[in-house]
Amino acid sequence: MCILFLSVKRHAKYPLIICANRDEFHQRPTEKMHIWPENNILAGKDIEAGGSWLGLSSDGKFSAVTNFRLATAIAPHKKSRGHLVVGALEQLPDSEALIESSISYNGYNLVFGELDALKCFDSINQKTHDIEQGFHSISNGALDDVWPKMAHGQHLLEQLISTTVDIQVEQLFALMENQQKADESELPNTGLEPHWEKLLSSIFIVSPDYGTRATSILMVDQQGNVEVYDRGYDAQGKVTYAQAFALNASTKRFEQTR
């Protein structure tokens, strides 16, 4: 996962809206979002390492991970961060456990928790933050970093939600497919070559080798029911599949609706 935007208690019908893009190398084998029968979670699967980037459990827990972009500090022998997502869906971790285990992983942000009480753990700074009421963006740096695409997407989401009563999922997908790149003077310095910093500066990334592979939209209503919309993309940024799921808060059962 490369970027998430969240609206918490800002829309009358949907007190929680999460919009997320997964950016990855196109050759990395992946299963699209589906219901995992062994633990009854809804998530995509990284076939190479076995974990996920974003998911939802049938009892209403959410989890997603973004990698910290530290080009000079990647240790290839460490565990896949995708296992953190699955683990947090099976059992919510506490801050002490996350701090203790973080040495086994390259840097990450982990968003996790019950849908009405999300938190974010920053493994580089060893801090857990409550995700409070308002608009939030989480990408590949610290929570208090404000990269251009984070600020841009958060502004677009705030503008959409503050002016739209009957919000449509297509409006949220359009936000997540925004390819506007930052000016060179605004690019973050994360140790990558300038052309990579420029490529990665848009919310939606298109290139032959690396780009946005999937977008997931979660909309949680006042009763706790969840609508989940998921799309996949090819190396040209074209949609390869579109599907939808629902989680009924009363029955705690997933249903594929499209």
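Phe25 counts as partly exposed, because its relative accessibility is 37% (partly exposed lies between buried, under 20% relative accessible area, and exposed, over 50%, using a 1.4 Å probe and protein chains only). This is a predicted model, where local features need pLDDT of at least 70 and side-chain atom pairs count only at pLDDT 80 or more, while totals for chains, interfaces and linings use all residues. Residues are numbered from 1 along each chain as its sequence is written, and side-chain values use heavy atoms, leaving out hydrogens and water.

Now for the rings. Searching the whole structure turns up five aromatic pairs (rings of Phe, Tyr and Trp, the last by its six-membered ring, pair if their centres lie within 6.5 Å; planes under 30 degrees apart are stacked, over 60 edge-to-face, the rest tilted). Two of the pairs are in this table:

| Pair | Centre to centre | Angle between planes |
|---|---|---|
| Phe25 and Tyr210 | 4.9 Å | 70° |
| Phe204 and Tyr233 | 4.8 Å | 85° |

Phe25 sits in strand β2 (residues 16–25) and Tyr210 in strand β11 (residues 210–220), 185 residues apart (strands are DSSP runs of E, at least two residues, and helices are runs of H or I, at least four, numbered from the N terminus). Tyr210 is buried, at 14% relative accessible area. Ring pairs also join Phe25, Trp196 and Tyr210 into a cluster.

What about the other pair in the table? Phe204 and Tyr233 are both buried.

Charges get involved too: Lys45 has its charged end over the ring of Trp36, 4.3 Å from the centre, and Arg231 does likewise over Phe173, at 3.9 Å (NZ of Lys or CZ of Arg must be within 6 Å of the ring centre and within 35 degrees of the ring normal).
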